[in-house]
Amino acid sequence: MPLDVKDGLKVWQRRDRNSQLAIWAVQFAAVAIFVYCWQLISDKTIWMFVTDAPRQAADMASRMMPPKWDYLSTLWIPVWDTIAIATLGTLMAIVMAFPIAFLAARNTTPSKTFIRPIALFIIVSSRSINSLLWALMLVTVIGPGVFAGVLAIGFRSIGFCAKLLYEAIEEIDETQVEAITATGANGPQILNYGIVPQILPAFAGISVFRWDINIRESTVLGLVGAGGIGLQLNASINTVTWTQVSVILLVILGTVIVSEWVSAKVRHAII
Amino acid sequence: MLRLDTLVKQYKTGDLALKGIDLEIPDGQVMALIGPSGAGKSTLIRCVNRLVEPTSGKVSLNDMELTTLSQGRLRKARRRMGMIFQEYALVERLTVMENVLSGRLGYVSFWRSYFRKFPQSDIDEAFRLLARVGLDHMADKRADELSGGQRQRVGICRALIQDPELLLVDEPTASLDPKTSRQIMRLIRELCAERKLSAIINIHDVLLAQMFAERIVGLQLGEIVYDGPPDGLTPDVLTQIYGEEDWEATIETVDEEELEDDLVGEETAAGSD
């Protein structure tokens, strides 16, 4: 009852007393939990390591310097592999995500009780497993190499693309669909004329965004043997050749910057 | 002739939108459907082409009962009913030409429509219609580049290229300025006369309804409370349809002479928008 009458005056407050007290109680509890956790973490921390950290970091940085530039020449093929894994994986994912998204969207699914839950299950299971874990499993199943990487990236991206796409499908303007339906168009025609034009910008944006993410993810797939520049990274770390590690990190940084630039440009051009 | 027989629509929420409507629209008649928001105007015209499934009752177009048709036959029947929408309902990211040609979707196969390979006769007709409404130079523009009045003209072309017998028009002027509203209403009426179409026009604007329709049906809470000529709309009748208000300023006796003048000026007006 935010509205109150006091001495014939109508007093308005945002909340009444009880909900205001409840909000304060929640805020107090949040602060208390934060302080308690802080205490807990601080007790379990070995502060000697923390105080030592700047020295360790400086030591590692000095071992990385100077980067071993002539190592670059052996990196071009792995960089190419990395980009190929990301691109092919993304392509595979969007081809499969497109129909799944239509099966999952409330307004286009053929059956809300049977097919939609299956489509949602595919989306959730694809999303719940990180690409590194997908790669780990696929390397055991089909052996190490670039192909396992492509599949890992693809499987992880299906859920991401399909989820964002089906949300876009559910947000379309239904009157445009109604208008196409009213002309006597059949189901596939309604899809082609009434729905697809409306989600095309979202579809393109999602694909490029995911490609950009996948470039970053595919740089580490080599750690578990699924091809790409991660293989070299793993090898260099294992042999403690920090001057090579620094070169690889710089190359990854460069690749990611370029991919972000490309995806920003493309998205800008489409939308 | 379109015939509604004790048409009832009850929504899942329990709202009774139409309470047994009986209505007959002879060929070539332009009828305005007026009534307050929520009276069931939109529901009524959507029950005709079954964008909304009626709960009970019959709808028949030229003795073909629409209410019992299978999905396939219904699609064929929908080709005979053109629909024009309040917010134009053009597919915004398609071109004007694609929007007009989408009116032919019921006549061409999926693959032809997918590759935009419409028969030349359809394309000719599309250009003819666009020229008729003064938009032939806009064929390649995307629909979202057009102004409100232009979009509604494209919507009219899309409905007419279906070669319909009946136009279902849902608030055609609700998003347009007063001048464009009149031009659009005049265009609809003229095209109906040219092609001997009957039309149901849902409209909020009583004055426009009086100016451009030959028959007015007043709907209130799902029931017909007035059915008669435009000049029969007295303050009493309007009070019955909409509720108590001062109606004197709304009602105007339609000036026949002025209307004729407007008709002469239409060609230039259509092009100038």
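**Notebook: the A–B contact, a helix pair and a sheet**

I began with the contact between the chains, to which chain A gives 19 residues and chain B gives 21 residues. A reminder to myself: this is a predicted model.

Next I asked which helices of chain A each supply at least two residues of the side that touches chain B. I found H7 (174-182) and H8 (187-218). H8(A) gives the most, with 8 residues. Sorting that side of chain A by class, I got 8 nonpolar, 10 polar and 1 charged.

The axes of H6(A) and H8(A) come within 9 Å and cross at roughly 145°, and the crossing is right-handed. From H6(A) the contact includes A:Ile153, A:Phe160 and A:Leu164, and from H8(A) it includes A:Ile199, A:Phe203 and A:Arg210. By class I noted 12 nonpolar, 5 polar and 2 charged residues here.

Then I turned to chain B. Its 6 strands E6-E7-E8-E3-E9-E10, in that order, form an open sheet with mixed pairing.

Last, I checked the E6 end. E6(B) and E7(B) (residues 166-170) run parallel, joined by 4 bridges; B:Met83 has B:Leu168 of E7(B) as its bridge partner. Helix H6 (residues 148-160) of chain B packs on the sheet and touches E6 and E7 of chain B. The direction of H6(B) makes about 170° with that of E6(B).

How values were computed: Residues are numbered from 1 along each chain as its sequence is written. Chains are lettered from A and ligands numbered from 1 in the order in which they are written. This is a predicted model: local features need pLDDT of at least 70, side-chain atom pairs count only at pLDDT 80 or more; totals for chains, interfaces and linings use all residues. Two residues are in contact if their C-beta atoms, placed from the backbone, lie within 7 Å. Ala, Val, Leu, Ile, Met, Phe, Trp, Tyr, Cys and Pro count as nonpolar, Asp, Glu, Lys and Arg as charged, and the others, Gly among them, as polar. Axes are lines fitted to C-alpha atoms, for helices over the stretch in contact, and angles run from 0 to 180 degrees between N-to-C directions. A crossing is left-handed if the near helix is turned anticlockwise from the far one by less than a right angle, and right-handed if clockwise. Two strands pair if DSSP finds at least two bridges between them.
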